[in-house]
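Biologist: I'd like to learn how to read a model like this one. Could you walk me through it?

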Amino acid sequence: MIKEEHEVAVLGAPQSSAPMPTTVINIPTEISVPDHIVWSLFNTVFLNWCCPGFVAFAYSVKSRDRKMVGDVTGAQSYASTAKSLNIWALVLGLFLTTGFIVLLGYAALNFYQIVMIST
């Protein structure tokens, strides 16, 4: 974490040879909270079999809103939920897409065999 130090001289201090009193202000940098909005959008558009991608997208938007307001703990909570939903959406989407492709290939093979037998 980068800490910035700024010195501010006290105005109106007497002009003497003694060292000037200074004030150090530490400005905390903004904590980065990933909101996973791009991942959620991908899951919503491409892998949205049972709607966990859409729900993850809603939580990602809530996380981004909380981050803009300055509520870091709320943003982290929503981001954690969005991440979990994105993982489930990805796994479920890949599993169901692969299963659908295998089932479609199996059905096409059976259809081809039925057509070949009947001719």
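This is a predicted model: local features need pLDDT of at least 70, side-chain atom pairs count only at pLDDT 80 or more; totals for chains, interfaces and linings use all residues.

Biologist: What describes two packed helices in general?

Modeller: The angle between their axes and the distance between the axes describe two packed helices. Here α1 covers residues 37-46 and α2 covers residues 52-69. The two pack at an angle of about 160°, and their axes are 8 Å apart. Because angles over 145 degrees count as roughly antiparallel, α1 is roughly antiparallel to α2.

Biologist: Which residues of α1 and α2 meet?

Modeller: From α1 come I37, S40, L41, N43 and T44. From α2 come G53, F54, A56, F57, S60, V61 and R64. Sorted by class, this contact has 6 nonpolar, 5 polar and 1 charged residues.

Biologist: Now a single residue, please. Where is D35 found?

Modeller: D35 lies in the loop between β2 (22-27) and α1.

Biologist: Is D35 buried or exposed?

Modeller: The cut-off for buried is under 20% relative accessible area. D35 has 8% relative accessibility, so D35 counts as buried.

Biologist: And which residues does D35 touch, not counting those up to four places away in sequence?

Modeller: D35 touches S60, S63, R64, K67, A79 and A82.

Biologist: On to the cysteines. How many disulfides does the structure hold?

Modeller: The structure holds 0 disulfides. For C50, the nearest cysteine sulfur is that of C51, 7.4 Å away. C51 is likewise in no disulfide, and its nearest cysteine sulfur is that of C50.

Biologist: How accessible are C50 and C51?

Modeller: C50 has 54% relative accessibility and counts as exposed. C51 is partly exposed, with a relative accessible area of 42%.

Biologist: Let's step back to the whole chain. How many helices and strands are there in the protein?

Modeller: The protein has 3 helices and 2 strands. Read from the N terminus on, the elements run β-β-α-α-α.

Biologist: And what share of the residues is buried?

Modeller: Of the 119 residues in the protein, 17% are buried, and D35 is one of the buried residues. As for sequence separation, take the contacts between residues at least 6 apart in sequence: 54% of them join residues at least 24 apart.

How values were computed: Residues are numbered from 1 along each chain as its sequence is written. Side-chain values use heavy atoms; hydrogens and water are left out. A disulfide is a pair of cysteine sulfur atoms within 2.5 Å. Buried means under 20% relative accessible area, exposed over 50%, partly exposed in between (1.4 Å probe, protein chains only). Axes are lines fitted to C-alpha atoms, for helices over the stretch in contact, and angles run from 0 to 180 degrees between N-to-C directions. Helices (H or I, at least four residues) and strands (E, at least two) are DSSP runs, numbered from the N terminus. Angles under 35 degrees count as roughly parallel, over 145 as roughly antiparallel, 65 to 115 as roughly perpendicular and the rest as oblique. Contact means heavy atoms within 4.5 Å. Ala, Val, Leu, Ile, Met, Phe, Trp, Tyr, Cys and Pro count as nonpolar, Asp, Glu, Lys and Arg as charged, and the others, Gly among them, as polar.
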